[in-house]
Amino acid sequence: MSMSVAVLGTGIMGSGMAKNLIKAGFDVTVWNRHREKAEPLAEAGAKIAGDPKDAVAEADVVLTMLFDTDAVEGVMGEALPAMREDAVWIQSSTVGLPGVARLAERAGYQGIAFVDAPVLGTKQPAEEGKLLVLAGGPEDLRERVQPVFDAIGSKTVWVGELPGDGHKLKLVANSWVLSIVGATAQAIDLMKRFGLDPQLYLDTIAGGVTDCAYAQLKGKAMIAGEFPPSFPLTGAAKDAQLIAEAMDHVGTRPVIMEALAAQFRDAIDGGHGSEDMASVIAAFDGGGQDRASL
Ligand code: NAP
């Protein structure tokens with residue numbers, strides 16, 4: 001009998017992950033708060049559950065891919081008591097270090113095995129089963145969860161044995177990703193304000209040591225002004241805040257991350273929250289014209 005997996009949260013990431021689990025031969029049940037986002041997965045072969053309890057009742061593995069700690073805690077508050085006692089919970093939503101600790105503790109109260117497994121990669125890698133899984137969890141669970149990781153990802157990095165170990169690497173990786181997006185927006189905006197074609201900047205760095213595929217990808221979107229969500233700005237703002245808090249906690253000054261978080265929030269206030277994080281370029285509009293003419 002094939003292993004059964006319940007996927008809770010079929011947003012941008014969760015739906016791609018569920019599709020690849022189905023493709024890999026798992027028996028997949030999905031649940032989403034707004035059911036209409038889960039329904040298209042029925043065509044691919046998923047069962048659609050009416051609530052989190054039904055989704056997890058038979059599952060060997062429960063995978064959460066929800067927005068933040070509060071969302072996961074709310075959903076798993078319902079689901080945990082309904083899980084089989086030998087099931088494993090793979091927690092892949094980006095929730096930060098206090099968030100992982102809270103969720104692992106909840107799993108512990110219920111006697112459910114917990115693996116911290118945030119992922120790197122956005123919509124396309126999720127749809128192609130090419131995410132990077134950054135995992136933290138006990139050695140003796142690894143064999144059980146690895147087939148799930150192999151279905152959703154191209155590589156798993158086991159960082160350590162503790163909940164939070166996966167998330168530490170995830171926060172570092174996202175600090176880099178968010179910084180590239182912010183720095184690219186700054187460069188594209190400055191080119192425009194100097195009266196230069198912003199594509200000239202991307203062409204100038206292309207192929208050199210300062211080039212970067214992500215800067216090219218996001219820079220192109222910024223120039224075109226097209227922001228279909230791969231990683232929505234609301235998620236980027238949440239993660240920048242989580243990273244800044246973690247930096248503060250370990251005693252390093254989060255100056256860059258706090259500036260980025262403020263830029264993300266400004267763009268959200270400008271109505272770009274559900275667009276891709278590349279739309280952070282909109283936040284450079286406030287007052288920039290005056291400064292450029294100095
Ligand atoms: P998304 O498309 O916005 O999906 C968010 C999911 O969370 C949806 O299923 C949403 O349900 C659910 N949700 C939000 N608040 C909820 C609540 N209070 N109760 C129950 N469900 C709730 O976002 P996503 O990009 O897939 O991101 C999911 C997670 O993956 C986030 O933690 C994000 O930081 C992380 N992540 C994202 C990316 C990326 O590039 N997109 C990459 C790596 C990690 P509804 O559909 O009903 O609103």
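In this predicted model, 15 residues of domain 1 are in contact with 17 residues of domain 2. The two domains come from the domain assignment of the protein, which places domain 1 at residues 4–161 and domain 2 at residues 168–292, and their C-alpha centres are 28 Å apart.

The size of an interface is often given as the accessible area lost when the parts come together. Between domain 1 and domain 2 the buried area is about 1,300 Å², with carbon and sulfur atoms giving 76% of that area. On the side of domain 1, Phe67, Thr94 and Leu97 supply 37% of the area buried against domain 2, which is more than any other three residues. The elements of domain 1 that each give two or more residues to the side touching domain 2 are α5 (96–110), β7 (119–120) and β9 (153–160). As for polar features, there are four residue pairs in polar contact between the domains, while the count of salt bridges between them is zero.

An unreviewed UniProt entry annotates residues 5–160 as "domain: 6-phosphogluconate dehydrogenase NADP-binding". In the model, this span is 44% helix and 25% strand, and its end C-alpha atoms lie 24 Å apart.

Thr122, by comparison, is 40 residues from Ala82 in sequence and 31 Å from Ala82 in space, C-alpha to C-alpha.

How values were computed:
Residues are numbered from 1 along each chain as its sequence is written. This is a predicted model: local features need pLDDT of at least 70, side-chain atom pairs count only at pLDDT 80 or more; totals for chains, interfaces and linings use all residues. Side-chain values use heavy atoms; hydrogens and water are left out. UniProt positions are given in the numbering used here, feature names are shortened, and annotations may be inferred rather than shown by experiment. Helices (H or I, at least four residues) and strands (E, at least two) are DSSP runs, numbered from the N terminus. Domain bounds come from an automatic or database domain assignment. Contact means heavy atoms within 4.5 Å. Buried area is the accessible area (1.4 Å probe) that two parts lose on being put together, summed over both. A salt bridge is a side-chain nitrogen of Lys or Arg within 4 Å of a carboxyl oxygen of Asp or Glu. A polar contact is a pair of N or O atoms within 3.5 Å; within protein, one must be able to donate a hydrogen and the other to accept it, and residues adjacent in sequence count only if both atoms are side-chain atoms.
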